[in-house]
Amino acid sequence: MTSYKPFQLEDLYDINSINLDPLTENYPLDFYSEYLIKWPSLFFKSVEISDNSTFGDTSEISGYMIAKNEGKLSKLEWHTHISAVTIHNQYRRVGLASDLCIFLENIVNKDPDNTLFIDLFVRVTNTLALQLYEKLGYSIYRRVVGYYGRNLPQDTKHLDDEIDGYDMRKSLPADVNDETIRLNGHKVCVLPQDVVF
Amino acid sequence: MVSCSHFSVVEFTDPQMQDHQIIDAIDSKQFLRASSLIKVKSAKFPNQSYYVALANYLLYRQGNVKQALDECAKLLTKTPNDPRTTDLLYIIFMESDKIKESNEVYENVIKKFPNNCQEHVTQWFQNSVKYGNIKALQKSCFHLSKIHGEPKYKMWAAFSSYLLANELRNDEKQYNLFCTLGFRIIEGITPSSTQELFVFVKVLDNNKPKIIEYIESYPGVLDLDVKIEYLSVLHSLKQNQKLFDFTARLLFDQEFNDFDTWKLYIESGFELGKPFEQLEDSIKAYKWSRNSQLALLELSKVYHNLEKFNHYNLAYYDKFNTKTCCFSDLASYNVNNESLVNGIKEVNNNLEDQEITTSNLNLFVNNQKLLHHFGMVSESFYDFNWRIYKQFLPLLKEKLDTDFYLANELIVMNVIHSLDTDQSFENVLKNVIVLNYLVSNDPLDYKVNLWLIKLFRLVGLIPEALRIYELLKVRMMQHDSLGHLILEDVSTLYPNKSMLNYSVNIYRFYLTCQEDLNENSLKAFDNGAYNKLENFLSFSKRFKFSFQYFECVLETFKMTKILGDKNYENHFFNKFFEIEETIQTAELTDNRDNKIFWKSLGFKSEFVDQFESKFTAVKQDKQALLKLKYFKESLILQPSEIRFKAFNKLLPNVQLTKFDSWLMKVYLNLFKLNNTLNKSEFESTMNFLIKNLKITKIPITTEFLSRELNHQMSSLFQLVRYTSNSKNKQVVNLGAALSRQIDTSYKQKQMDALSSWKIQLGDFELDITKEFVDDQVDKLHDAFIKASYVHLR
C-alpha cells in the first residue's frame, strides 16, 4: 500500500532500514540538503502503512528517489538525472522502483521542468537493473569507461565490466525528434570526465 | 561560539586580523592573551563599541555571565550600530536566553537608523536562522520585506509569519493573528510557482476555504506538496464531491497510483452514498497493481462488507504470499480469518515437499510471521522456524551477497524468544553463536548484524560491537541515530585508543554538519524552497540538541582523560565546558533508533518493552543520567557551587544501578569537601567516606567477565585517581587503600576467569557443527580478553 510523499530532511532519521542495506549509498548531509533546496520536487519517497503494533508508527518509508535537472537546452542537454533510487528490502520485487521512476517521469515531462530526457548510470554487470530500465523505456546511450573506478581513466579502449557503467537515457516528449537517444549506444565509449554537464 | 578561522601566525598588521585573533583567543580559552589584546585595542580606539562588546564576550566566555550581561545591557542602551558589535551582543543575549534583549539589539538600530540598517537586518535574519529563533525570524523578514519590497522578501516575511503562527498554535488568538498577518503581506501577489502557492496555503491555514480558491485558480501544474495539501483541505472541510472528483482524476486520468489517494477516493465515495459495486468496479477496471488490490480490501473495510473483506484478503494473500511485503500489508489490516489460517496451516504441512525457491521461502516466512501476528505461537512454532531455515539453505549458495534472505528473520525471532526466556550469560553467548552462524552464511544481513551488536553489548564485548558497526559501514547521519550502539558508556566499557579515534571521527561528523546546517537553511530561503524550509529548521533544532552529540562529547572527553591522550584532550576540554550551558538548560532530543531491531518482525510494543527491561537493571532516564555524569565530570575538573547544586539536585531524581548509586554518593561527598563546611558537616562527610570507600561496601558484580565489571572497574579507577589529587590526606589514603584492594580482589579474579574460561552451551539447532561452535568459543574467549578491564591498561 504505497503512497508518495515529498522527502523532508528529517526523513533521514527514518531511512536506516534502507540505507543500512549494502546496495544503498550514504551521502553527507550536504548532499541531501542540496537536492532538497535546488530540486525540491525531484526528491520524494514512497511510504507504506506499517504494521503499527510495534511503536505505534503509522507509516514506514519504503524507498526514495533523488533526482536533479541540469544541462543546457541549447545544447540539447537539458535533462533530469536520477542520482539515486533505492527500495527497502521488504518492498522489493513489487515494482516499486519502476513506480518511482514513472512518478519522476510524470513530473519532469511537463512544465515547469519539461526536460528532454532522463538519464541514469548503472553498472554494466547489473543485469537486473538494466532489464528494469529497458522495460521502462530506457536505452543505453553510451558506455562510461571506469565510471565506478577509483581512478580517472584516460583511455576509452580499456574496458572493464567491473568498473564501467552505462549511461542510460529515456527520451521525453520535449525531445520531439528523439535527438537525445541513439541506437547501439553500448558501442559508444566515453570517459567519466565527458559526462559532466 | 563565534566562528572564525584559526591563525598560527602570532602578529598581524591588519587590524581586522587582530580582531579575529581576539575572538580566536577567547574561543580557545586563552583568556589572558585575549584580555591584553582587548586592552591594547580599547586604548587605541576608546570610542569603538566593538572592543567593549569583545570585553563583554570575554567575560561571558570566562563564566562571568551576570557581569557580562550587565555590561551588555549598558552597551545596548547606547544603540551601537557597528555590525560586529551587534553580532556579539546578539550571541551573548541569545545564548543566555535573553530573547527580548537579543531582539532589541537590532530593533534599536532599525528605529534609530531606519534608512541605514540593511546590513543589520540581514544579520538579524541570519542570526535568527542560526539560533532557530522564529520570533526574530518573523520580525527580521518583515523588515527585510520593507527594505527590499520585492515579492521574494514578501514571501519570506509571509512564510516566517506562518512559522511563528505554527509555533503559537496553542494560543488561538496569536495563531490567527500571525496567519492573517502573513496573508496580508502577500495578498496582492499572484503566486508564480507552486512554491509561492505553498506559502499561500500555509498562511491561509486558518482560512481553509480560501486555500481551495487559491489552488483551484492556480494555472500551472500542481506539485506533490500542493496536491497533498489540497486533498487534506478538501478532506477536513468534508467537501466530498470535490474530493471524489479530484481523487478520481488523479487515479484514473493521471494514473497517480497512490494509496492515500485511493483511501480518500473510497472514503469520499462512501460519504457520498456511492454504491459499493460502483467503486468496486472502478477499482477492478484499474490496471492491476498491489495498491489496487489493497484498495479493494480498504473498500470492503470502509463499507463494512465482511464477506468481501475476507474475499479480498484471501485474494491478496493468494497473489502476494511470495512477496516480502505480504506480511506487513496484511498485518496493517489486522486480518485474521479462518480460511486464511487454514490455508497457511495446509501449506505448512507440506514444507518438505516444497521446491527450494526464493518464492517458496518467502511464502513460509510470511506464513510464520502472520501466525506470530495472530498470536498462534507455541514451541512448535519456533521448531518450524529452524526447519524452514534448514530446508531453504541451498538458496544461500545461489544468492548474491547483496540479496535479501528472508529466513534470517525467522531465526532472529527464535533468538529473541530464547533470550526472552533465558537471560543468562551462557544463553546470550549461545545466541551470539547462532547469529554468527547466520552471518557466516549471509554476511551482509544488517538486521542480524545489528542484533549481534546488541548481544555483544550485553556481555561487554564492545570491540566486537565496534567491529560489526564498522562492517555495516555506518556513516554520516546514521551516527546520530545508531552511534549509541557503540558510544553509550564507552569511556568506562572500553576506553581504548582505537575506540577514541572512532568516537573522534563521529564527533567530526557532528562538527561538519553543524556548520552546514545554518548555511543550508539560509540557502533554502534564498532558493525559495518553502516546502522544505520548515523541516530544515526543525531538523536543525533536532540535530543541534541531539542527545547523541552531547554523549559523544562527554564520552570522548572522558576517554582522552583516562587514556591521557595529548592529541585531543585540550580540544575536548574546551568543548566539554562549551556545552555546559546547553546541558544545563536545554531539552535534548533523542534521535537514537532502537526501532530498527524490531521493524518488520511484527512484535507488539508491550513485548518489546518487556523484553528490553529484562536486560536493564533499572529503567533510566538517559537524559537525566547524561546530565548527572556531565556534572560529575565538571566538578572533578573545575568545582563550583553552581555545578555542585546541579549535581546535588539531579542525583535523587536519576534511577541508578546499585553500583552507580554508591559511586555517585561517594562523589557527592567528595565534592562536598570542596565547599565551605562547618565542623559537623565536615565530620559527617568524612564519616560517610571512611565508611563507604571500602571494597566491602561497594556493590561490585561477581560476574568477572561482564559488561558491569568493566564499567565498575573503570569507574573505580577514575575515582581512585580523583581521590589521589585530594587536598585531604585521609581521602588520599582511603583511595590508595581502595586501589590496592581492587587490584587484589578483582583484577586477579578477572584474569583467573579469563585463563580458566570454559563454557557449556548445550546443543544447537540448525546443524551447527561442533567445529563451528568450538571456533566461535575460541573467538569469544579472545574477544573477552581484548575487552577485559585488566587488558585495557
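Is S600(B) buried or exposed? I looked this up before anything else. S600(B) counts as buried, because 23 C-beta neighbours lie inside 10 Å. The cut-off for buried is 20 or more such atoms. I kept in mind throughout that this is a predicted model.

**Entry: S600(B), continued.** I then checked where S600(B) sits. The residue is in the loop between α35 (580–585) and α36 of chain B. Phi of S600(B) is near 70°, a positive value, and the residue is not a glycine.

**Entry: T79(B).** I turned to another residue with a positive phi. T79(B) has a phi of about 45°, and it is not a glycine either. I found T79(B) in the loop between α4 (65–77) and α5 (83–95) of chain B. Is it buried, exposed or partly exposed? I counted 17 other C-beta atoms within 10 Å of T79(B), so it is partly exposed. That class lies between the buried limit of 20 or more and the exposed limit of 12 or fewer.

**Entry: V203(B).** Next I picked a helix residue. V203(B) belongs to helix α11 of chain B, which covers residues 194–203. V203(B) counts as buried because it has 27 C-beta neighbours inside 10 Å. Which residues does V203(B) contact, leaving aside neighbours within four places in sequence? I listed A158(B), S161(B), Y162(B), C179(B), G182(B) and F183(B). I also checked I185(B), which is 18 residues from V203(B) along the chain. Their C-alpha atoms are separated by 9.9 Å.

**Entry: domains of chain B.** I looked up how chain B is divided. Domain 1 spans 1–116 and domain 2 spans 623–756.

**Entry: chain A as a whole.** I moved to the other chain. Chain A has four helices and eight strands. I read their order from the N terminus as β-α-α-β-β-β-α-β-α-β-β-β. Along the principal axes, the C-alpha atoms fill a box of roughly 55 × 35 × 30 Å. Does the radius of gyration of chain A agree or disagree with a compact globule? It agrees, because a compact globule of 197 residues would have a value near 16 Å and chain A has 17 Å. I wrote down that buried residues make up 46% of the 197 residues in chain A. I took contacts in chain A with a separation of 6 or more. Residues 24 or more positions apart account for 66% of these.

**Entry: P112(A).** I checked one peptide bond in chain A. The bond from D111(A) to P112(A) is cis, with omega near 5°. P112(A) lies in the loop between α3 (96–108) and β5 (117–123) of chain A.

**Entry: where the chains meet.** Last, I looked at the contact between the chains. How many residues does each chain give? I found 56 residues from chain B and 48 residues from chain A. On the side of chain B that touches chain A, several helices each supply at least two residues, among them α13 (224–236), α31 (497–526) and α36 (605–613). α32(B) gives the largest share of that side, seven residues. I sorted the residues of this side of chain B by kind: 22 are nonpolar, 18 polar and 16 charged.

Notes. Residues numbered from 1 in each chain as written. Chains lettered and ligands numbered in written order. Predicted model: local features only at pLDDT ≥ 70, side-chain atom pairs only at ≥ 80, totals over all residues. Rg over C-alpha atoms; globule rule 2.2 N^0.38 Å. Contact = placed C-beta atoms within 7 Å. Nonpolar A, V, L, I, M, F, W, Y, C, P; charged D, E, K, R; others polar. Domains from an automatic or database assignment.
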